[in-house]
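Open the model in your viewer and keep the selection panel at hand. The stops below say what to select next and what is there.

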Amino acid sequence: MNGQAWLLLLEGAWTTLWISAIAIAIGVFCGLGIALLRMARIPFLEQLLILYTSLARATPLVTLVLFIFLSAPMFGINLDRNTAAILALTLNTTAFNAEIWRSAFISFSREQKEAALACGMTQGVFFRRIMLPQMLTSSLPGLVNEMSFLIKGSPAIAIIGIVDLTRVTNRIAAVTYDPLPPILAAALLYMLIIGVLLKLQAIAEKKANRLAM
Amino acid sequence: MTEWSIIWDAREAFFNGFFNTLALFALSIVCAFVLGCAMLYSLEERTPLAIVVRWLVNGMRMLPFLILAYLLYYGLPRLGLRLDAWTAGLLALIVYHGAYFTEILRGSRLVLPAGYVEAAKAHGFTPFRLFMRIILPQLVIKTRPLLGNQLIIALKDTAFLTIITVQELTAAANSVQATYFIPTEAFVVVIVLYWLISIGLELALKWAARFGAKRGFEHG
């Protein structure tokens, strides 16, 4: 393990981070959208979304990544590796986020809604001013937890040849013939990233509990 | 429809992958559960072992599953222990999910009313029997939804093992699509198979919930 190897590892960590970050950002918003659509109970669309959530939660990330990357050209869509990886991670995390948002919706107190409507707020204003801020706080621990799950699942993108933090260890080992140190170093970097997220989750939980009281 | 008939002709590959996945999954979760309970038992007393277990569990929570599999498959030969891919994968699944089972049960153990334990002690239970008869059954019934989630995560983690060349379901689809170049159909079949397993798991969990309700641990 020399400086060169560490540089490669950091590059891999950066790849893991930016791909995951894009997937997380899209996933949180789309999850909210899907939760809203499901709460609206539009016939047919609701069944479709239930099917999507169920399928996306049951499909392993590795399988999903391979599926998207290999079968997109069959439909005449040209995806490069990174787009396919982001798409797969997003599809996966959106389904989980939608469930987190939905449970925040379901557990929202009816009294507040009635009070807001009695005060003359429109549905839109009520949602923006009253519901969303509270939902954000109460579902943040779940969302951060899902983020750390996404990072833990992100090595799946290595299978389509993206050199992420896991795969880069193979590259280094191919040169040094010594796989143990790079894998341990990669483990250390992952622990740093996920450790930060776990810390954030603890902080978010404390905040959410204060709201509940 | 020729693609589907090719899939049908290649059914043996899918069956083999499916059974390999199921075998890995079933064997690993049973061992992981036992390991998880054993680690939980070691946490009951403040011993050096308990500190090691705490470190292990916290470490596993911060590690992606694939990195652990890499460590066992690529890293261990350095230390003179060469495992084949299947064994390394199984071992990784057991250790990783055992740690998660411990964490889930520990969370519930912290909020278990002390009265049960004190009453059992007063009746002369030895620590081991106290753990097996009084503590563990309650924890398992109470944490059923979380344990169920973990089972589904374990099922999905078996797919990672295709990267360290274990011949499981995803690997089967990959080899079929590489031979006949029909990726869409091959992966649709595999995704449906994974879906079926997880639906089966969910049904089993619902059935377990009824058992919990009958014993008065859950309401609804």
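Two residues are in contact if their C-beta atoms, placed from the backbone, lie within 7 Å. This is a predicted model: local features need pLDDT of at least 70, side-chain atom pairs count only at pLDDT 80 or more, and totals for chains, interfaces and linings use all residues. Residues are numbered from 1 along each chain as its sequence is written, while chains are lettered from A and ligands numbered from 1 in the order in which they are written.

**Stop 1: confidence**

The mean for chain B is 90, and 98% of its residues reach 70 or more. For the complex, the predictor gives an ipTM of 0.87 and a pTM of 0.89. Where pLDDT is low, the predicted coordinates should not be read in detail.

**Stop 2: chain A**

Select chain A. Its elements are 8 helices and 0 strands. Here helices (H or I, at least four residues) and strands (E, at least two) are DSSP runs, numbered from the N terminus. The C-alpha trace spans about 70 × 45 × 25 Å along its principal axes. Among contacts in chain A with a separation of 6 or more, 79% join residues 24 or more positions apart.

How many of the 213 residues of chain A count as buried? The share is 39%. A residue is buried if 20 or more other C-beta atoms lie within 10 Å of its own, exposed if 12 or fewer, and partly exposed in between, with C-beta atoms placed from the backbone.

Now pick H3(A), residues 61-71. Of its 11 residues, 10 are buried, including Val65(A) and Phe67(A). The buried residues of H3(A) pack against H4 (81-106) and H6 (123-153) of chain A, and also against H9 and H10 of chain B.

**Stop 3: the interface**

Show both chains. On chain B, 27 residues are in contact with 30 residues of chain A. Helices H4 (65-75), H9 (169-180) and H10 (183-214) of chain B each give two or more residues to this side. H10(B) gives the most, with 8 residues. By class, this side of chain B has 18 nonpolar, 7 polar and 2 charged residues. Ala, Val, Leu, Ile, Met, Phe, Trp, Tyr, Cys and Pro count as nonpolar, Asp, Glu, Lys and Arg as charged, and the others, Gly among them, as polar.

**Stop 4**

Select H4(B). It is largely enclosed by the rest of the structure, because 10 of its 11 residues are buried. Ala69(B) is one of them. Leaving aside neighbours within four places in sequence, Ala69(B) is in contact with Ala88(B), Gly89(B), Ala92(B), Phe160(B), Leu161(B) and Ile164(B).

**Stop 5: the end of H10(B)**

Go to Ala213(B), in helix H10 of chain B. Ala213(B) counts as partly exposed because it has 13 C-beta neighbours inside 10 Å. Its C-alpha atom is separated by 48 Å from that of Glu3(B), 210 residues apart along the chain.

How values were computed
pLDDT is the predictor's confidence in each residue, from 0 to 100.
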